[in-house]
Amino acid sequence: MGKRKATAQVALAAAVALGASACLSDSGSSGSGSGGGGGTKSGDKNVEIVFGFGGDQSKGFQQSLQQFQQQSGIKIKFTEASQSFDTLIRTRVRANNLPDIALFPQPGILKDFVKQGKMTDLSTQLDVNKLQADYVPGTLDAGEVDGKFYGAPISYNLKSLVFYPKKAFAAKGYTIPTTQKQLADLANRIKADGTAPWCMGMESSSATGWVATDWIEANVLQEAGPETYDKWVNHEIPFNDPAVKKAAQDFESLVLADGNVLGGRKQTVSNAFSTSANPMFDNPPKCFLHRQGNFITQTGFFPKAVVADIDNQVGVFQYPGQSADSKPMLGGGDLAAVFNGKDDDTKQVMAYLTGPDYPGYSEKAGFLSPRKDFAITKYQSKLTQQIAVLGAKATVFRFDGSDQMPGAVGSGSFWKGMVAWVSGQKDLDTALNDIESSWPS
């Protein structure tokens, strides 16, 4: 589950109004392979991109394409849908008022449109084989349907990361774990020294619960492997499969056991996720470890003084696998996908967004390139450079599972089930069985 989805509020009225006006436009016919048509006219030097982020990220993204527009002569219309991308894009598709390109934060929505014949096979737009060679392994897989690729991330985020207070961690003589056993040993040592090892909060308004779903997903990936993970996400095995139960039990043992999490297990449900890591920067730290996505380093999460001196204050290591050689990475990203597959201008924009010349935007606005050849020196902070290296060295990458599941599960029963289990309202078997029963038929 991504931070954007956790914090966005649905703007139904605006989207419905847009959809109503969109019904008046004639946007072409559907077709397999080349997408649903629509968008701007081919060769008119106009391309529309719809995306679901706002604030500094939106500003940075738009600025990143200024030079391209000047050099190519293509004018890009930026349509921001930060309050509810899902609502806006579905409304426009229903009205057959399709943009040229959309950046999908959730691959499940993209795949819905693929099934409707609205999207374009990227092999008709780009050299997909070259993209696979240039991108971090696995980052293109979230946009794959039946062996064809429909979406490529222009930026991605990493979730299998553990942050810690750099100076206090070193002063205690703690060392970076490279296996799950070493991580458990480290947590036990921190607890033996008199401090709760983990900082954790699950409260996220109406999205409360997604923090725990990320833990389960990370454990399924690193314990059961990518094939089992994919089967679970696609419901080819039941939600309550033994591999999922084990992932939850190991999360419970590592983090939720008595004395392992600051404030205790039940309090995590009401502890705000956005500031739950901050006690590790107290003097002395009240906790030492915080598993979260790289977005947590942006302004608004860690204390301002920490963000201002982030390279000296914050350390990071990858949430480890079963062995030191296993480096599975859970994450997310914004998948660039094409509706209008018959427009040469759209092809040029896609080639630029996914190619080696795309400069990206500030890491402070959340940019992290999925390309292996993106120079880490382009990132200003040493911490971001370190995170980029961890991503590039991942042995496998998988997109956030709950964002790929049907909404009734991924942002519904899965969230609620984790809250009920962590808070003690349900035992684990009941929670998992209830989620399995909720899967749409």
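Modeller: Gladly; what follows is a set of questions about those labels, with the values behind them. Please keep in mind that this is a predicted model.

Biologist: Let's start with the whole chain. Why is the radius of gyration said to agree with a compact globule?

Modeller: The rule is 2.2 Å times the number of residues to the power 0.38. For 441 residues that puts a compact globule near 22 Å, and the protein chain has 22 Å, so the two agree. Along the principal axes, the C-alpha atoms fill a box of roughly 65 × 50 × 40 Å. Within the chain there are 18 helices and 12 strands.

Biologist: What share of the residues count as buried, and what share of the contacts comes from residues 24 or more positions apart?

Modeller: Buried residues, those under 20% relative accessible area, make up 57% of the 441. Among contacts with a separation of 6 or more, 77% are between residues 24 or more positions apart. The accessible surface comes to about 17700 Å², with 49% of that belonging to carbon and sulfur atoms.

Biologist: Nice. How do you know that Cys 199 and Cys 287 form a disulfide?

Modeller: The test is a pair of cysteine sulfur atoms within 2.5 Å. The sulfur atoms of Cys 199 and Cys 287 are 2.0 Å apart, and they form a disulfide. By this rule the count comes to 1. The angle about the S-S bond is 105°, and the link is right-handed.

Biologist: Which parts of the chain does that pair tie together?

Modeller: Cys 199 sits in the loop between strand E8 (196-198) and helix H10 (210-224), while Cys 287 belongs to strand E9 (residues 287-291), so the link joins parts 88 residues apart in sequence. Both cysteines are buried.

Biologist: What makes Val 409 buried?

Modeller: The cut-off is under 20% relative accessible area. Val 409 has 0% relative accessibility, so Val 409 counts as buried. This residue is found in helix H17 (residues 407-422). Leaving aside neighbours within four places in sequence, Val 409 is in contact with residues including Phe 239, Trp 415, Ile 435 and Trp 439. Trp 439 is 30 residues away in sequence, yet 6.2 Å away in space, C-alpha to C-alpha.

Biologist: And why is Thr 268 called buried?

Modeller: Its relative accessibility is 0%, so Thr 268 counts as buried. Thr 268 lies in the loop between helix H12 (242-256) and E9. Not counting residues up to four places away in sequence, Thr 268 touches Met 200, Gly 201, Met 202, Glu 203, Val 261 and Val 422.

Biologist: Why is helix H6 (residues 107-115) described as mostly covered?

Modeller: Of its 9 residues, 7 are buried. They are Pro 107, Gly 108, Ile 109, Leu 110, Lys 111, Phe 113 and Val 114. Those residues pack against helix H5 (85-94) and strands E3 (101-104), E4 (144-145), E11 (328-338) and E12 (396-399). After H6 comes Gly 117, with a positive phi near 75°.

Biologist: What makes H5 mostly covered?

Modeller: There, 7 of the 10 residues are buried, among them Phe 85, Leu 88, Ile 89 and Arg 92. Just after H5, Asn 96 takes a positive phi of about 60°.

Note on methods
Residues are numbered from 1 along each chain as its sequence is written. This is a predicted model: local features need pLDDT of at least 70, side-chain atom pairs count only at pLDDT 80 or more; totals for chains, interfaces and linings use all residues. Side-chain values use heavy atoms; hydrogens and water are left out. Buried means under 20% relative accessible area, exposed over 50%, partly exposed in between (1.4 Å probe, protein chains only). Helices (H or I, at least four residues) and strands (E, at least two) are DSSP runs, numbered from the N terminus. Contact means heavy atoms within 4.5 Å. Accessible areas come from the Shrake-Rupley method with a 1.4 Å probe; for residues, only the protein chains shown count as cover.
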